[in-house]
Amino acid sequence: MTETALLYMVVGVVLFGMGLFALVAYPHLLRKILAMNVMGTGTFMVFIAIAHNGDNQPIDPIPHALVITGIVVAVCSTGLALALASQVQALTGQPRIDGSEREE
Amino acid sequence: MIVTPNRMMPSRKRRKLRDENYIDDDVKLTPARRVILAMVAVLTVVLVMAVFAVPDDVVRLTQLTEDRLPESGVSNTVTAVLINFRGYDTFLEVSVLLLSIIGVWSVARRARVPVKVPNTPVLRVFVRLLMPLMVIVAGYLLWIGSDVPGGAFQGGAVLGGMGVLWIAAAVDDPGSRERRLLRPLLIVGMAFFLGAGALAIVVGGSMMQYPEGEAKTWILIIESAATFSIGATLVMLFLGGQPGGSSREDGKKS
Amino acid sequence: MIFDTTVWMSLVILLPLAAAITAFLLPRHALAIGLTSSGLIVLSVIALTISLVDGGAARDQMGGWGAPLGIDLVADGLSAVMLLMTAAVGLAITIYAKGYFPARDAHKRAFFWPLWLFLWGSLNALFLSGDIFNLFVTLELLGLSAVALTALVGKPTAVRAAMRYLLVGLAGSMMYLLGVAFVYAGYGALDIAQLRMLVADGPPLYAAATLMTVGLMMKGALFPLHFWLPPAHANAAAPVSALLSALVVKAPFYIMLRLWMDVLYPLADTAAPQVLSALGIAAILWGSIQALRQPKFKLLVAYSTVAQLGYLFLLIPALLADSRPQVLGAIVSFMVAHAAAKAAAFLSAGNILHATGDEQIASFTGLLRTLPLTVTTFALAGLSLVALPPSGGFIAKWLLLDRALANGDWWLVVVIIAGGLLAAGYVMRVLGPTFRERETKPTNARAVPRSMALSAFGLSVLAIILGFMGVYLLDLLAIEPVSMMVGGG
């Protein structure tokens, strides 16, 4: 792997880790949704890094296409997540879902 | 602005601020969070080590896509992969776009314009100047996508931005006639893609197998439809609900 | 059969998606569109199966390109079984939904059908996919439609459960996707058949295995990542709960099967499969014990799902060791039997709720008299869940025990039997009160629509009939792709 690619992959993995931590650890829904996006961005960086074949070399287009698909999917998921989160806030007054609500 | 309590403030005010700013509690590193942090850190380190262990000589698909590019009808490798070689993925992705709108509309109440922008003359004039330009840029991005980075998604994103500007500046109130166009506009991308995929089967190939030599035409038609749908979907996601639609309580026809 | 197998493969995916578009475009006709398309989809799945039996496994190259350049769909015996399971349960739920969503609740009715058809299409696409990134996209389609369906009923508990489901699901998807990145980085391919020949032991595979397995565990609710399941399945509308427990939660497990058999198999002798098996044991015990404690019916059924999912993981080490066809047969027949039984259980819960408005098990006294068909439905479903003969569950457990004994895994035998006893416990908790005589007259019991009662009953009968169809299922499973060589290049 080229050095640039290694750097991007490592940064991508670290971003992924940071996003995963925030998604799991913090209760505010908006923060969780942002964390999910950070996880996604980290993953996309890893893909882009894999596509790098060297400076001024033709790139591997498959990971680039995968990332475009991934971005669109992430945007759609975020859209639904936000709609749900705002509905949770509207129904319960709090933008969070911790605390047990096992049954109605 | 969040005012953090500090030692210079009188203690009663500090306590009041601390109670109001529950955000502080949100980010405190409780013992439970330390455990999660440790686990995630371990995972990250392991993954970084795996990154360094990726062999250098793995043959990926760069050469193969270059070699078969002429058969794809476009001259940009990423577009070729996206719309032709792995077009089935793109079809499913356009489906995700429509599904997310259906999901948002089923969950949320009536759409609300989330941004209150002061309606100044400068804004109104500027937006009216920008909007046609954005349409042209979107069309251009769509058209050149076959040769350089670009295509339906990029064009659709610009259209989406245009739509957001339109709504935020409250340039026009979409009347009921335009609202009736909304659902068709949202589905047209996925519908064209699906139709092309099915038609390809009828014409004697497998799903999405564009006929020899006609790939570019088919791609252009599908991508144009998709650009509209993508733009409309992004705007609808921004609105977070069905414009003028029934709220969940009505139960009347939507 | 009439067309080439590949045509049926495409049809089985395109039909539900086309129907979903139409149902969204014409919301007032959503019900009619849903009913007609369901019939067509079921017919296509049957046609695909017949075509497979005649012609053997098939590979459909999307766009004509062929892996590794393009995406391939693969139809073998396992895909066919999953598609048939989805079609059977799906048809029953379609009929049930006709009665469940009354005409006056136009919002829910109009949105249920497009969402359900999208879910069906995504399942079919998932079961036929031969590409690990394509599997990610189908997983996303599946997850978003499942979440929206969960939230559809609109209660605060359901919306919160849906939010949690979405967040956990997305975390799982992102982990899976990073795993895909590592696979591509290490081996340069995304097609499963190709990867089967390319993968070797090494750090990229460890990373990919960890990420993908944990991600799929999150989506498939394997203990201890099951916490989102009970609230989501219990609070959703009855047909949605049935879909979630019977079908949706099986898809990530199916992917895990494919991955471990064809991509991650070099890691078969590491500790990972044993860990999965151990977690399965924990799931069975924890889920069953929790089910025994629930005062509400749907939560009991939901925890039962957590427990039953554990059985699927028990034999993963055996699956990877050898004797694959028999172990696969045991696991898959369990999946299918559970799908029919669990869907029937949730639908009968919906019937009871519809009739009496009360979900507390304590209020079920005398239900045998007021809702005989529904109680019979749950009794038959329970029969399969407890794995008494002559049900599908019995055959499945028998196969599992057979394999466990053959491998000398005595602790698995103990767990399977214990799980059965616990299941009997929670099933009798529900059935027991229904046989007793009621002292007071039940207050206005609403009539259960025929579509709801009959579809639920039909599913429970299917759960029993599966007990007699074991041979056919195993024969079908045996259809495997003849050659592992992939064309193109």
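**How the chains and domains meet**

Where chain B meets chain C, the contact takes in 49 residues of chain B and 54 of chain C, two residues being in contact if their C-beta atoms, placed from the backbone, lie within 7 Å. This is a predicted model, in which local features need pLDDT of at least 70 and side-chain atom pairs count only at pLDDT 80 or more, while totals for chains, interfaces and linings use all residues. Residues are numbered from 1 along each chain as its sequence is written, and chains are lettered from A and ligands numbered from 1 in the order in which they are written.

On the chain B side, at least two residues each come from helices H3 (31–52), H4 (62–68), H5 (77–85), H6 (87–107) and H10 (182–202). Helices here are DSSP runs (H or I, at least four residues; strands are E, at least two), numbered from the N terminus. H6(B) gives the largest share of that side, with 13 residues. Sorted by class, the chain B side has 26 nonpolar, 14 polar and nine charged residues; Ala, Val, Leu, Ile, Met, Phe, Trp, Tyr, Cys and Pro count as nonpolar, Asp, Glu, Lys and Arg as charged, and the others, Gly among them, as polar.

Chain B also touches chain A, with 33 residues of chain A in contact with 37 of chain B. On the chain A side, the elements giving two or more residues are helix H1 (3–25) and helix H3 (61–92). H3(A) brings the largest share, 16 residues. That side of chain A is made up of 24 nonpolar, eight polar and one charged residues.

Within chain C, the domain assignment gives domain 1 (1–130) and domain 2 (269–489), with bounds from an automatic or database assignment. Their C-alpha centres lie 24 Å apart, and 24 residues of domain 1 are in contact with 26 of domain 2. H3(C) supplies 14 residues, the largest share of the domain 1 side. That side divides into 17 nonpolar, four polar and three charged residues.

H3 (77–100) of chain C packs with H15 (324–356) of chain C at about 5°, their axes 10 Å apart. Axes are lines fitted to C-alpha atoms, for helices over the stretch in contact, and angles run from 0 to 180 degrees between N-to-C directions. The angle makes H3(C) roughly parallel to H15(C) (under 35 degrees; over 145 is roughly antiparallel, 65 to 115 roughly perpendicular and the rest oblique). Among the residues making this contact are C:Leu78, C:Met85 and C:Tyr96 of H3(C), and C:Val332, C:Leu347 and C:Gly350 of H15(C). By class, the contact has 14 nonpolar, one polar and no charged residues.
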